[in-house]
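Hi there,

Here is the structure I promised to pass on.

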Amino acid sequence: MLIKSMQYLGFEAYEKSINHIDSTVFFMANIEGKTVIIIAEQDSAAAKTGAAGFTIENLGSGISCAELTHENACVLRKLFPWTAPVRGLGKPKSFGLGDRLGIAAPGHIDLFITNDIFPVFAQQSIRELTLTNRTYEDVLDAATFAVFREGYKKGFGADGDHLKTEKDVEYALSLGFTMITLDCSDYIKNENVITDSAPIPSIYKEKYLNKTFSIEDFTLVFSEEELGKCLTVYAEAVNFAASIYNKFFTDGKYNADLEISIDETASVTTPLQHFFVARELLDAGVLFATIAPRFCGEFQKGIDYIGDITQFEKEIKVHAAIARSLNYKLSIHSGSDKFSVFPVIGRETKGQFHVKTAGTNWLEAMRVVAVRDPVLYREVHSFALTVFGEAKKYYQVTADLSNIPDISEIEDVDLPGLFNNNETRQLIHITYGLILNHKNENGSFAFKDRLYNLWKQSETEYRRALVKHIGRHLELLSKN
């Protein structure tokens with residue numbers, strides 16, 4: 001439910017943001033359409049103590065105003081620890097919510113306040129940061145300010161998503177991110193182009209060959225060919241993950257979970273390969289919370305699962321059993337809108353999973369645009385068609401643009417229905433960066449400012465859309 005503003009100390013305040021520390025009251029308010037933090041001293045003897053640390057403007061009468069800057073977000077996280085992210089992958093169910101725009105968290109909060117799934121409100125990849133011209137400071141601060149404004153105290157996570165370098169891992173951890181998704185894809189050989197495997201060292205033969213690994217109801221047996229393939233494809237990835245773990249996680253300096261991503265590859269991760277990677281990491285002393293395999297079928301952006309659901313169910317049974325037996329969770333990437341397999345995922349993991357979504361929140365924001373401002377949506381849609389080819393450099397999708405209806409022949413009232421079309425969804429999904437960054441000849445943004453102004457005016461609609469759409473994800477994941 002939308003938090004209604006109210007008059008408090010003469011300000012249009014967000015009532016759920018009102019908090020006290022001794023005689024000082026802190027809350028968020030709107031001043032001439034701008035959201036700020038108000039710090040009010042109710043005891044003249046304690047004047048200015050509550051505002052200590054904030055960069056403020058003194059409004060008089062013991063009242064100060066702090067803008068929503070990174071520096072003030074850092075102070076807020078210290079004063080109210082529940083506005084800072086915490087580790088959550090150890091919980092049975094967790095769910096990543098990539099908010100590319102920095103405006104979706106209030107809607108997410110409306111949904112997650114009522115269930116037991118741990119939310120990761122701050123989740124972005126370096127690729128997404130680059131395409132939206134944002135920083136990890138922006139991502140974390142947007143979540144902090146939303147949590148404070150909505151009075152959400154159940155805890156949330158922050159994920160440095162799909163990071164590939166020491167520099168990027170350190171960047172996210174230094175800001176207080178509580179989860180690192182380590183993308184090992186640069187160190188994974190493409191199984192489809194391997195011609196010969198190197199000789200298998202005796203240490204691996206002793207560990208795996210002629211051994212039977214019983215995993216719940218399943219039995220894993222490595223042939224020499226399969227073991228050689230595991231080593232050729234994944235050995236460098238294991239070494240990379242171990243080096244990152246040893247550099248950033250062993251000394252306890254950073255309080256964060258580690259996810260191992262091996263899903264960004266052309267070939268499917270077999271159960272044998274999954275077991276090999278997990279076992280090698282554990283033997284190397286790497287403590288991780290989740291592994292994201294490359295499942296059979298296709299998990300393309302913004303649309304449902306493509307593939308044989310029966311085969312997916314058969315394979316995820318084994319993947320889930322491996323994860324349980326070695327004491328971590330499966331992670332499902334590109335999890336947006338995979339409605340046909342959500343019940344399978346929930347059931348076969350026995351309710352222990354991490355699912356990542358991102359672009360579907362952006363799509364719901366654009367659906368709101370189609371409803372509220374058809375003229376603007378038509379402009380954005382037409383532009384997206386011209387840059388789709390460029391956007392495909394960053395994302396693997398199979399959308400056939402010829403299957404998108406001619407927008408000039410669609411009535412305004414029918415524009416939102418385009419978001420039920422897979423090709424339209426992928427068109428808008430992957431062109432977000434180009435849309436937001438496109439500029440007019442005079443250097444002004446062609447769409448960005450108008451879009452954000454519309455979303456600001458349409459917060460109620462966007463929140464409701466997210467509750468409905470993401471809520472469907474959670475409902476199906478919890479369906480037995």
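Let me start with one threonine. Thr269 touches Tyr234, Ile262, His274, Pro293, Arg294 and His319, leaving out residues up to four places away in sequence. Please keep in mind that this is a predicted model. Thr269 is in the loop that runs between strand S15 (257-261) and helix H8 (271-283). Is Thr269 buried or exposed? Its relative accessibility is 0%, so Thr269 counts as buried, the cut-off being under 20%.

Next, the nonpolar cores. The largest nonpolar core has 144 residues, and the members that touch the most others in it are Phe112, Phe276, Phe312, Trp362, Met366 and Tyr377. Helix H7 (residues 224-248) gives the most to this core, contributing 13 residues.

Last, a hairpin to look at on screen. Strand S6 (residues 56-60) and strand S7 (residues 63-66) run antiparallel and are joined by 4 bridges. Within this pair, Ile56 stands opposite Ala66 in S7. The hairpin has 2 residues between the strands, and Ser61 takes a positive phi near 60 degrees there.

Happy to talk any of this through.

Best wishes

Note on methods:
Residues numbered from 1 in each chain as written. Predicted model: local features only at pLDDT ≥ 70, side-chain atom pairs only at ≥ 80, totals over all residues. Heavy atoms only, no water. Buried < 20%, exposed > 50% of the residue type's maximum accessible area, 1.4 Å probe, protein only. Contact = heavy atoms within 4.5 Å. Pairing = 2+ DSSP bridges. Core = buried A, V, L, I, M, F, W, Y, C linked by side-chain atoms within 4.5 Å.
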